[in-house]
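Open the model in your viewer and keep the selection panel at hand. The stops below go from a whole chain to single residues.

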Amino acid sequence: MSGEETAAQTTAGLRFDLSVIAGWIRPGSKVLDLGCGNGELLSYLKEHKEVVATGIEVDEERVAACIHRGVPVIQGDLNEEIEDYPDKAFDYVILSRTLQQVYEPDRLIRNLLRIGRRAVVSFPNFGHIGCRLQLLLGGYAPKTAQLPYEWYNTPNIRIISIKDFHRFAREIGFTIEAEVAINTDSEDKRGRIVRLLPNLFATYGIFLIAPRTGNAATM
Amino acid sequence: MSEYIEHDKNGVSVGLVEKRYFTFAEPPECMELEGGAKLGPVTIAYETVGELNAERSNAILVCHALSGDSHVAGYYTPDDPKPGWWDLYVGPGKAIDTNRYFVVCSNILGSCMGTTGPASINPATGRPYGLDFPVVTIGDMVRAQRRLIDHLGIDRLLAVIGGSIGGMQVLEWALRYPDRVRAAIPLATTKRHSALAIAFNEVARQAIMADPDWRGGNYYDGAKPARGLAVARMVGHITYLSDEAMRRKFGRRLQDKSDFSFNFDVDFQVESYLRYQGTKFVERFDANSFLYITKAADYFDIKNQHGRGSTVRAFAKARARFLVVSFTSDWLYPTYQSRDMVKAMKKNNLDVSFCEIKADCGHDAFLLPNERLAALIRDFLERVSHER
């Protein structure tokens, strides 16, 4: 992908990782954002790319924020809500910074690729050097700007690295159409793309995935 | 629905409004009802607030619940002790902003607040219909509303909104007249009654029919079945509240006494409350209308009436954008029932938003002040009024 830097530059105000994702979305497409928060990404896509947007969000306050921004949203648990959509209901299904909190990631990914022609998945990279050093030198479970919790109160129950996701793709059987590794500042507003040793230096991995051609039915 | 209405705290109001009447289906051109009977003439009592714009594209139909009426907001006279039943949400700058929208509210078919119902005069006999009034359905109510909307020259409604039985009418509009509804906002409602909801309605109806003054529904020339209707209303009020709301409002507190009376007078505050609500209701509502409207609600079933046994198929007809809202403590139409309809909408790729509002006041939450509900309605209307 060569368009993401341009995309990132033209999406002023949008969180850096979201601007990368926005760069991948084709204008006029149908987009579902799982765990859409206050609707920041969807409202951007609606306005700038004229997408047909829907979000799923569990928190009432954030649901109201989405409606306030003019983004259609359904309050509910994304693992359950995703079951109701017919096959290929969306051009893109986005799962941003949520995979590490999911109880059954394999099931969810399969569902993503059932209801979407493509899916965008991003997660904090546990292979980042900061995490590695904390465990290696300190001997404690890592705590970083991206994963700011203690082991006993973290919602992030899955430890995923960028390399893990590649292996996951092979095992589950989906295609990675594009991927970007990024390094962001502590507030994630700004960032840069990591090309050298992404699994070591990137704070987030962002992937555009699709069902493997020909076996969509078995996904 | 209960009565909570009070004057707006900030004194914001649509001001004076007037109840109007529209009559159609003058015999021999009667309205054919879903149950097969014919009814005519049919008079609809309605009120409008705000101005219809030149494109006729800013009309919002508000549908009332069981005991409501066309008086949705404002006052009939400057001395009225209370404004219309949804004055909190309808008015200048409010959730349904009457500076921008043209709001229509009509009394439902079978009711007793100006629209033709069992207490109306039967032209065939010159006396009140009583039980000769045909059983009507939610579909019939909506068909009558459509005649009114035609009469007002509105081709397409910007939105139809309502709670409880009003929400059923919203769903009915969206499925029966998909091309005439741009947005549908069903609040605290269901696609069909559960056994629990039917059971409470049946107890209420039995209370009315067991009153010796009911006399098979022909009581209009004598005493009203006041005790029966009061008990029916008491049952209703229990279902409109919630365990939490009752604990908070009444607990086990005693009414004007420090110890039990050891007789069957009022001891507990909750008893006093229910008796008061029952008595007050009898003054303004017709017992037969209560029978007819609860029956219509019990018969309502989107799945069978619009989808030949499938809720998903029923919503295949819909074209509107939906905002579905439920309340956490509503045990009459619990959230799972809203989710059921949302699920069917999703399966049809409809534009649907859903929010479950945390509220401890039970089914009646949509009638009470609720900032969240007001914001959801306001913001959703804002979006749909800009989208075609």
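What follows is a list of selections, each with what is found there.

This is a predicted model, in which local features need pLDDT of at least 70, side-chain atom pairs count only at pLDDT 80 or more, and totals for chains, interfaces and linings use all residues. Residues are numbered from 1 along each chain as its sequence is written, while chains are lettered from A and ligands numbered from 1 in the order in which they are written.

**Chain A as a whole**

Select chain A. Nine helices and eight strands make up its list of elements; these are DSSP runs numbered from the N terminus, with helices being H or I of at least four residues and strands E of at least two. The C-alpha trace spans about 50 × 40 × 35 Å along its principal axes. For 219 residues, a compact globule would have a radius of gyration near 17 Å, and chain A agrees with its 17 Å. That radius is taken over C-alpha atoms, and the globule rule is 2.2 Å times the number of residues to the power 0.38.

Of the 219 residues of chain A, 47% count as buried. A residue is buried if 20 or more other C-beta atoms lie within 10 Å of its own, exposed if 12 or fewer, and partly exposed in between, with C-beta atoms placed from the backbone. Among contacts in chain A with a separation of 6 or more, 61% come from residues 24 or more positions apart; a contact requires C-beta atoms, placed from the backbone, within 7 Å.

**Confidence in chain A**

The mean is 91, and 90% of the residues of chain A reach 70 or more. Residues 1-10 of chain A have pLDDT below 50, and this stretch has 16 contacts in the model beyond near neighbours in sequence. At residues 215-219 of chain A pLDDT stays under 50 as well, with six contacts beyond four places in sequence.

**Where chain A touches chain B**

Now show both chains: 14 residues of chain A are in contact with 19 residues of chain B. On the chain A side, helix H4 (60-68) and strand E3 (73-75) are the elements that give two or more residues. H4(A) supplies the largest share, five residues.

**Strand E4 of chain B**

Select residues 42-49 of chain B, which form strand E4. Six of these eight residues are buried, so E4(B) is largely enclosed by the rest of the structure. Strand E1 (residues 20-24) of chain B runs antiparallel to E4(B), joined to it by five bridges; here B:Phe22 stands opposite B:Ile44. Strand E8 (residues 102-106) of chain B also pairs with E4(B) in the antiparallel sense, over four bridges. Pairing requires at least two DSSP bridges between two strands. B:Val49 has B:Val103 in E8(B) as its bridge partner.

**Helix H7 of chain B**

Go to residues 287-299 of chain B, helix H7. Is this helix enclosed or exposed? Ten of its 13 residues are buried, so H7(B) is largely enclosed by the rest of the structure. Among the buried ones are B:Phe290, B:Leu291 and B:Tyr292. Their cover includes helices H1 (138-151), H2 (165-176), H3 (195-209) and H4 (226-240) of chain B.

**B:Tyr240**

Finally, select B:Tyr240, placed in helix H4 of chain B. B:Tyr240 is buried, with 24 other C-beta atoms within 10 Å. Draw a distance to B:Ala54, 186 residues apart along the chain: the two C-alpha atoms are separated by 40 Å.

Technical notes. Two residues are in contact if their C-beta atoms, placed from the backbone, lie within 7 Å. The expected span of a helix is 1.5 Å times one less than its number of residues. pLDDT is the predictor's confidence in each residue, from 0 to 100.
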